[in-house]
Amino acid sequence: MAEPSTLIANRVRYFHQNDEALFFAWLDRMEVVLGYEGRGDGLHIRLARHPNDDDLRELIAFHQRYAIEMRQLAAFKAPGNADWFAVPGMYWHESVFGSA
């Protein structure tokens with residue numbers, strides 16, 4: 001990830017046209033998302049701010065649901081969220097931070 005304010009979703013796979021519609025509806029409802037733009041086979045998602053805890057939990061769920069590369073979320077680890085975000089054993093830990 002080039003900067004913490006942009007996430008990239010490459011080659012998102014939709015299983016039905018309604019799945020694609022729900023993907024974009026979810027993006028549109030996320031308070032942390034400023035906008036998005038397709039570039040090639042990727043979608044660049046611009047964030048309005050550094051994600052707070054609720055934003056980060058939603059981004060984790062969104063990335064997990066649509067199989068978006070989660071390592072880019074590691075850039076959002078901060079002293080204020082490390083006690084829950086970076087805890088080994090959480091279902092997202094290895095996808096975000098890699099194996100120990």
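This report covers the aromatic rings of a predicted model and the charged groups over them.

Residues are numbered from 1 along each chain as its sequence is written. In this predicted model, local features need pLDDT of at least 70 and side-chain atom pairs count only at pLDDT 80 or more, while totals for chains, interfaces and linings use all residues; side-chain values use heavy atoms, without hydrogens and water.

The structure contains 12 aromatic pairs. Rings of Phe, Tyr and Trp (its six-membered ring) pair if their centres lie within 6.5 Å; planes under 30 degrees apart are stacked, over 60 edge-to-face, and the rest tilted. Two of the pairs are listed here.

| Pair | Centre to centre | Angle between planes | Class |
|---|---|---|---|
| Trp 84 and Trp 92 | 6.0 Å | 75° | edge-to-face |
| Phe 85 and Phe 97 | 5.2 Å | 65° | edge-to-face |

The second pair links distant parts of the chain, with Phe 85 in helix 3 (residues 82-85) and Phe 97 in helix 4 (residues 93-97), 12 residues apart. Helices (H or I, at least four residues) are DSSP runs, numbered from the N terminus.

Buried means under 20% relative accessible area, exposed over 50%, and partly exposed in between (1.4 Å probe, protein chains only). Trp 84 is buried at 13%, and Trp 92 is buried at 7%. Phe 85 is buried at 0%, whereas Phe 97, at 25%, is partly exposed.

One aromatic cluster is formed by Tyr 14, Phe 23, Phe 24, Trp 26, Tyr 36, Phe 62 and Tyr 66. The charged end of Arg 65 sits over the ring of Tyr 66, 4.5 Å from its centre. Arg 57 lies over the face of Trp 84, 4.0 Å from the ring centre. A charge sits over a ring if NZ of Lys or CZ of Arg is within 6 Å of the ring centre and within 35 degrees of the ring normal.

Key:
Helices (H or I, at least four residues) and strands (E, at least two) are DSSP runs, numbered from the N terminus.
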